[in-house]
Each structure stands twice: as C-alpha cells, then as structure tokens.
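I opened this notebook to record what I looked up in one structure. The entries follow in the order in which I made them.

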Amino acid sequence: MRFHRSMGFSRQILFFDDPDDPWAQGLQNQPDVTVIVCDAAHWRALTGERPELIDLRQIANANLALAMARREGADWLAHIDSDELVRTDGRPIGAILGAMMQDVARFALREAIAPPGIAPHAFASDWFRISIPAADIPTRVPQHLRVGERWLRGHIASKVAVRVASPVQRLTIHHVEAPELPVGEPEGALLLHFNCITLERWRALWNRRRDGTGTTPCGGGHRWIQGHEAWRVLGDPIAEEEAYDRFHRLSPKVLAWAQKEGLAERIALDQSLLEP
C-alpha cells in the first residue's frame, strides 16, 4: 500500500480471498483503503455462492471494484494481483494515464527474478526478466533456461488499467470486454510481477493449486511442467530448493548474460515502502 501511494494512487481496494487473513483487520482504518473480506456473506451478495475457481472469484471482485469506481467518479482503475506492483518513472500514475489517448492501458511487464539465499519478504528483488514474444524464445533463449514454451516462469499477458468513464463492459484477468476499444501502452509505467520470490510462497502456491483453494483452469504448458515438478518434490526440502532454483533463480553469470542480451534489467525499488 505504501508503495502504490508513493506512485500516486489515490485509493486502493483490497479483496481478501481468505476471510481469516490477519492483514484484513489491520488495514481497516486507513482512509484511502477499502478492505473487502470475501467471506460467505460477500459471495451470497455478489454471486449467490462462492465460485470454485480463483479466476472467477478475481473477475467477480474486479467488476465489483469497477462498479464502485464508477459510483465514486474515479478516473482510472487498475486491476492487479497481490504479488504485483505498478511502478512509475517518478510521475504520478494519474498524469501518466491521463496522457493516454486510449481508454485501456496495458502495462509493460517485468517478471521478478528470485534473489540468491533467503529473501526477507515477497518483494525483495531488484532484477527482472523482460518478457519477449513466445515466437522469439527459441532463437534468443538457450534450451536449459526454458520451461515449456517460456523462459523461466512467467506471464505473456500483462495487466490493464481502464478509464472508468469508458464503455468497458466487464473486466477479466488480463483483458477487458468492450466494443472495439483500442489498447495503448502507457509510457513511464511498468507492471512488476513478484511471483514466488520466497520459497515459502512457492510452496503455498502449489499447495493451493493442489488442495483446491487456488484452483485455476488457466496457464500454459510451462505452468503444468512446474506444477507437476512441484507436486513431485513437495515435502522434500532439498528437492524443493533444487526445483525452485531451476524455475525462479539465475546465477550471476547467467544474469549478466541475460542483461547483455536485453532479457533482464535491474530496477531499484525503495525497500522501505515494501517491507511488511
């Protein structure tokens, strides 16, 4: 929250998929934050019952946020996950988005690379993988750095912000439903994705995929490769560390190579804004 305040976001709506998350109570009294606990009452009012798939829960909550933003007269709404940050070039996010001609802004994507050793918190990384088109991966990325059709672990699609007064009809995870609205890329704003920067979060991710609390039908072949590898080694600390290394870390030598090839960059973040 402190980080996004520093980027110029005037309001944050936080949805807690786990109604027992202890952070939900502690964040209730901040004037620029709205906390929504996704308990049984929330789902009865919103969809009648709790959707089984986490993607459907996200979409329902994103569209509730869009309705709230429209009632409150907001200018823009960005829908991101709890392991993502929108970083600007020093200008307020409102100024960057306000300069857009389009009503939908898709942020350029950077995927965090897990640091060596034990990361102190989930955003403790300053090296990022630069996403490239899947068609370019076979010629630009050596085989041993690929996971299925991707290199390392990562998204191809980024996230979007929408002009609230636009004719956007519905938000999805990475896209919008609207009649032929052009999408632009805002200059000076990046989406930073911190997927599994700690081994603990990696374990939690794949345990939730397995136990049903984080079930999703989406994801490319690289996710299934990682999932089967994770489920095979979960519970064996040495094998877990080896699998985590392959999917989320780069050695200093490989990191230097990736930077030279335009596949990785260092982005310094103010860690005081990110620590719990």
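Which residues are buried in α9? I worked on a predicted model, and in it I found Ala-239, Glu-240, Ala-243, Tyr-244, Phe-247 and His-248 of α9 to be buried. These residues cover an arc of only 135° around the axis, which puts them on the same side of α9.

Entry on the length of α9. I noted 12 residues in this helix, with 16 Å from the first C-alpha to the last. That is close to the 16 Å expected at 1.5 Å a residue.

Entry on α7. I looked next at helix α7, which holds the 13 residues 199–211. At 1.5 Å a residue α7 should span 18 Å, and I found its end C-alpha atoms 18 Å apart, so the two values agree. The buried residues here are Leu-199, Trp-202, Leu-205 and Trp-206. Viewed down the axis of α7, they fall within an arc of 125° and therefore line one face of the helix. Just after α7, I recorded a positive phi of about 100° at Gly-212.

Entry on the packing of the two helices. I then looked up how α7 meets α9, residues 237–248. Their axes lie 11 Å apart, and the packing angle is about 95°. Because angles of 65 to 115 degrees count as roughly perpendicular, I describe α7 and α9 as roughly perpendicular to each other. On the α7 side, Leu-199, Trp-202 and Arg-203 make the contact. On the α9 side, I listed Glu-240, Glu-241, Ala-243, Tyr-244 and His-248. By type, the residues of this contact are four nonpolar, one polar and three charged.

Definitions and conventions: Residues are numbered from 1 along each chain as its sequence is written. This is a predicted model: local features need pLDDT of at least 70, side-chain atom pairs count only at pLDDT 80 or more; totals for chains, interfaces and linings use all residues. Side-chain values use heavy atoms; hydrogens and water are left out. Helices (H or I, at least four residues) and strands (E, at least two) are DSSP runs, numbered from the N terminus. The expected span of a helix is 1.5 Å times one less than its number of residues. Buried means under 20% relative accessible area, exposed over 50%, partly exposed in between (1.4 Å probe, protein chains only). The arc is that of the directions from the helix axis to the C-beta atoms. Axes are lines fitted to C-alpha atoms, for helices over the stretch in contact, and angles run from 0 to 180 degrees between N-to-C directions. Angles under 35 degrees count as roughly parallel, over 145 as roughly antiparallel, 65 to 115 as roughly perpendicular and the rest as oblique. Contact means heavy atoms within 4.5 Å. Ala, Val, Leu, Ile, Met, Phe, Trp, Tyr, Cys and Pro count as nonpolar, Asp, Glu, Lys and Arg as charged, and the others, Gly among them, as polar.
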